[in-house]
Amino acid sequence: MSAPQATPDHATLNTGQPGAKATSKEWIGLLVLTLPCLLIAMDMTVLHLAVPHLTASLNPTSDQLLWIVDIYGFFIAGSLITMGTLGDRIGRRKLLMIGGGCFGAASVLAAFSDTPEMLIFARGVLGIAGATLMPSTLSLIRNMFHNDKERSFAIAAWMTTFMVGTAAGPLLGGVVLSYFWWGAVFLLNVPVMALLLLVAPILLPEHKAERFGRLDLFSAALSLCSVLAIIYGVKVFAAYGFGIDALAALVLGLLGAWVFFRRQRKLADPLLDLDLLKQKTIALPIVIQTAVIFAGMAYFMFLSQALQLVIGLTPIQAGLSMLPATLAGIVGSMGAPVLMGRYKPGQVMTAALILTGIGFGMLSWPGSVVSLYILIAGATIFSLGITPVAMICTDMVVASAPADRAGSAAAMSETSAELGGALGIAVLGSVGTAIYRDVMVNAVPSGIDATAAEAIRSTLGGAVNALTNLPLALSSDILPIARAAFTDGLQVISIICTILMVLSAIGTLIALRDARCETSDANDTSDSNDDDGANGDAVMDPALKQAVSATGTAE
């Protein structure tokens with residue numbers, strides 16, 4: 001099969017020369033691309049505050065409520081691979097606009113849902129639409145910014161919007177819920193998506209592969225079902241322990257993934273180009289990114305619980321206490337391109353992983369979990385380290401992929417991050433829960449109601465709620481034991497995360513120390529005889545040189 005050829009819209013691209021500076025049009029276009037990213041992140045958290053309100057209005061069952069909250073993230077993760085490749089085939093801007101329109105329409109549907117089933121359906125559509133937006137925005141950045149420093153900065157800005165959206169979701173949700181009904185939180189999306197549809201044709205370039213076979217619908221369905229089953233399985237595992245439901249979902253998901261990968265090897269036009277994973281500058285960054293998201297997502301979940309259930313802060317106070325970590329993450333993400341201008345990507349990643357390990361190491365000290373200042377300091381340090389790693393990994397994956405496969409590569413990177421987060425919460429959550437239950441199994445005295453006793457033995461949150469209805473003397477005896485059991489589990493999780501970050505730093509130092517040189521050897525297949533990259537510090541990524549050559553605009 002001949003390699004697909006990229007066909008950009010020359011009327012809307014900048015010069016396309018290697019290292020060419022972006023114009024004001026590209027920078028304004030970047031602002032446009034951050035809008036959907038902001039909304040996707042906000043929709044992950046904005047619903048949390050609205051749950052009590054919609055529960056009173058729609059009266060969903062407990063299972064329906066879980067699906068209302070979770071189905072959005074499920075369908076984003078399950079649809080990323082298909083949508084990333086679809087953008088390569090039909091055009092990234094076209095897919096972005098289709099997704100934006102669907103996102104806006106589904107937001108209206110969610111806002112005015114009058115049954116739990118209707119809201120679940122709307123949230124599912126929002127997830128699928130969100131999956132079209134994420135790889136489309138990232139692959140368009142690849143085609144808009146040909147200078148490697150500018151591209152790195154653009155990707156850092158792209159990642160920062162997700163952090164800002166995640167932090168802003170509860171805040172905006174709280175403001176809206178103070179004046180309007182619960183469905184109004186979804187209407188925040190509509191004007192932003194309308195603006196995207198208006199300005200995207202003017203400011204954003206179109207880019208797609210000229211020759212691609214038909215989309216394999218069976219592979220698309222198989223990838224969706226496999227990822228959904230795996231994520232569902234690890235979530236059930238994290239929430240309820242290892243039972244038949246979790247086992248069945250994981251087995252089905254892994255079996256579907258095995259069939260999916262075998263099928264891709266046999267297709268002339270695969271949905272997922274597995275040859276991309278043969279490149280070290282794609283495969284290894286994906287592994288490293290999965291590791292840091294695995295640790296970071298799980299710890300932030302436990303950190304929120306520790307601030308409220310151990311330290312005793314209110315939800316608002318806990319949110320404010322996590323603000324330094326959020327700001328540190330933004331600084332780390334935006335500071336990474338500056339460091340990459342002086343050092344090689346592998347060197348920056350290694351230093352950032354060591355910094356992340358130091359942050360987790362602080363949190364593994366005995367007694368650290370009961371100190372508000374140590375919790376905040378440790379979380380701030382590891383946030384400062386994690387975000388540069390995630391940013392550089394994303395940049396490396398997108399830059400190393402051929403231009404016609406940028407959407408597919410972006411989807412692979414984002415899917416690995418989603419799976420890493422889900423696995424981290426499930427695996428590390430199970431470690432913490434197992435330690436807690438081991439301590440609490442004999443800590444509950446006889447005579448307590450069976451339901452309350454099980455709640456106390458299960459989680460610290462369950463213990464706090466159950467003990468409010470028990471005599472004060474009994475509560476004062478059990479609660480310190482429960483808090484100590486929780487902090488023991490969190491300390492072990494911190495040690496695991498520290499070890500994982502140290503191993504990741506060692507692996508990065510060994511395998512990606514000269515990542516830019518390796519990318520040159522693997523990807524620069526053009527006929528150019530430039531010597532700019534001879535010393536490994538080229539101004540322009542060779543992968544981008546190949547991409548520009550493929551467009552036919554290189555001279």
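Visitor: Why does T82 count as buried?

Guide: In this predicted model, T82 has a relative accessibility of 11%. Buried means under 20%, so T82 counts as buried.

Visitor: Where does T82 lie, and what is T82 in contact with?

Guide: T82 lies in helix α2, residues 62-90. Setting aside neighbours within four places in sequence, T82 is in contact with A220, S223 and L271. L271 turns up again in a separate core of 14 residues, which also includes F260, I282 and A401.

Visitor: What makes W27 and F153 an edge-to-face pair?

Guide: Two values, really: their ring centres are 5.9 Å apart and their planes stand at 70 degrees. Centres within 6.5 Å make a pair, and planes over 60 degrees apart count as edge-to-face, so W27 and F153 are an edge-to-face pair.

Visitor: Why can you say that this pair ties together parts that are apart in sequence?

Guide: W27 lies in helix α1 (residues 24-58) and F153 in helix α5 (residues 148-179), so the pair ties together parts that are 126 residues apart in sequence. W27 and F153 also form one aromatic cluster with F145.

Visitor: Are W27 and F153 buried or partly exposed, and how do you know?

Guide: W27 has 28% relative accessibility and F153 has 37%. Partly exposed runs between under 20% for buried and over 50% for exposed, so W27 counts as partly exposed, and F153 counts as partly exposed too.

Visitor: Why is the pair of W182 and F186 called edge-to-face?

Guide: Their centres are 6.5 Å apart and their planes are at 85 degrees. With a cut-off of within 6.5 Å for the centres and over 60 degrees for the planes, the pair is edge-to-face. Both W182 and F186 are buried.

Visitor: Which residues have the most contacts inside the largest nonpolar core?

Guide: F186 and Y299, in a core of 130 residues. Helix α10 (residues 280-310) gives the most to this core, with 13 residues. As for F186, leaving out neighbours within four places in sequence, its contacts include D43, L47, S107 and R123.

Visitor: Where is confidence lowest in the chain, and where is it highest?

Guide: It's lowest in helix α20 (residues 542-551), at a mean of 38, and highest in helix α13 (residues 345-363), at 91. Over residues 517-555 the pLDDT is below 50, though this stretch has 69 contacts in the model beyond near neighbours in sequence. Where pLDDT is low, the predicted coordinates should not be read in detail.

Key: Residues numbered from 1 in each chain as written. Predicted model: local features only at pLDDT ≥ 70, side-chain atom pairs only at ≥ 80, totals over all residues. Heavy atoms only, no water. Helix = DSSP H or I, 4+ residues; strand = E, 2+ residues; numbered from the N terminus. Buried < 20%, exposed > 50% of the residue type's maximum accessible area, 1.4 Å probe, protein only. Contact = heavy atoms within 4.5 Å. Core = buried A, V, L, I, M, F, W, Y, C linked by side-chain atoms within 4.5 Å. pLDDT = per-residue confidence, 0-100. Phe/Tyr/Trp six-rings, centres within 6.5 Å; stacked < 30°, edge-to-face > 60°.
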